[in-house]
Amino acid sequence: MSGDDQHITEVSGTGVPIPGDDVDTDQILPAKFMKEVTFDNMADYLFYDARRDDDGEFNDHPLNRFEGASIAVVNSNFGCGSSREHAPQAMMRWGVDGVVGESYAEIFRDNCKSLGIPAVTADHETVTELQEWIEANPDGEIDIDVEDETVTYGDTVIDVDIDDAMREALVDGIWDTTSLMYSNRSKVEETVADLPYAEGDD
């Protein structure tokens, strides 16, 4: 992340490959953990079932092997299924700052935008090559340049696509709508005060 905390023009870190098409939100964050009233513990539940064997012990799932990674590299239609915000929340709290993939479910992508997580896309071959590079270079740095729409790893620079609305929101620092609303509260109150139909009980 570069610039101040709101303006996200670049994210970088080591990668974690999460292979498979149509990885849905119930795999990412199983429904049994939806009853919690906060997102605080969501990182513990990320891919909870997929990361464990039948005895409940950690298996060789990528999230167990690439702990500390911050760039997830996924395949086609990632985040499909129900629209639960818990899925990207769990990824963010685990440490994911950006995602490179072939495609995303639209609501999942929008939820990423609302959390300040760039979700960029590239073709199947490009994504697969990056996943294989991560396996061979677990400590290798990956850089997502949101402004220039590129991903850099090793000696390779690839062009990626990012939804125009996401790119604008991240670069301009307007992705956090809650903070934006609070920062403009005085303007909202001034506008309300000037509305003839919003008078008090005078």
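This is a predicted model: local features need pLDDT of at least 70, side-chain atom pairs count only at pLDDT 80 or more; totals for chains, interfaces and linings use all residues.
User: Where is N111 found, and what does N111 touch?

Analyst: N111 is found in helix 5, residues 106-115. Not counting residues up to four places away in sequence, N111 touches S83, R84, E85 and P88. P88 belongs to helix 4, where P88 is itself buried.

User: What makes helix 4 mostly covered?

Analyst: Seven of the nine residues in helix 4 (residues 86-94) are buried. The buried residues are H86, A87, P88, Q89, A90, M91 and W94.

User: What follows helix 4?

Analyst: G95 follows helix 4, and the phi of G95 is positive, near 130 degrees.

User: Why is E149 called partly exposed?

Analyst: The relative accessible area of E149 is 21%. Buried means under 20% and exposed means over 50%; E149 falls in between and is therefore partly exposed. E149 is found in the loop between strand 5 (141-145) and strand 6 (150-153).

User: How do you know that the side chain of E149 makes a polar contact with I162?

Analyst: The side chain of E149 reaches the backbone nitrogen of I162 at 3.3 Å, and the cut-off for a polar contact is within 3.5 Å. I162 is also among the residues in contact with E149, leaving aside neighbours within four places in sequence; the others are I158, D159, V160, D161 and R167.

User: What separates the C-alpha atoms of E149 and V120?

Analyst: A distance of 8.0 Å separates these C-alpha atoms, and the two residues are 29 residues apart along the chain.

How values were computed. Residues are numbered from 1 along each chain as its sequence is written. Side-chain values use heavy atoms; hydrogens and water are left out. Helices (H or I, at least four residues) and strands (E, at least two) are DSSP runs, numbered from the N terminus. Buried means under 20% relative accessible area, exposed over 50%, partly exposed in between (1.4 Å probe, protein chains only). Contact means heavy atoms within 4.5 Å. A polar contact is a pair of N or O atoms within 3.5 Å; within protein, one must be able to donate a hydrogen and the other to accept it, and residues adjacent in sequence count only if both atoms are side-chain atoms.
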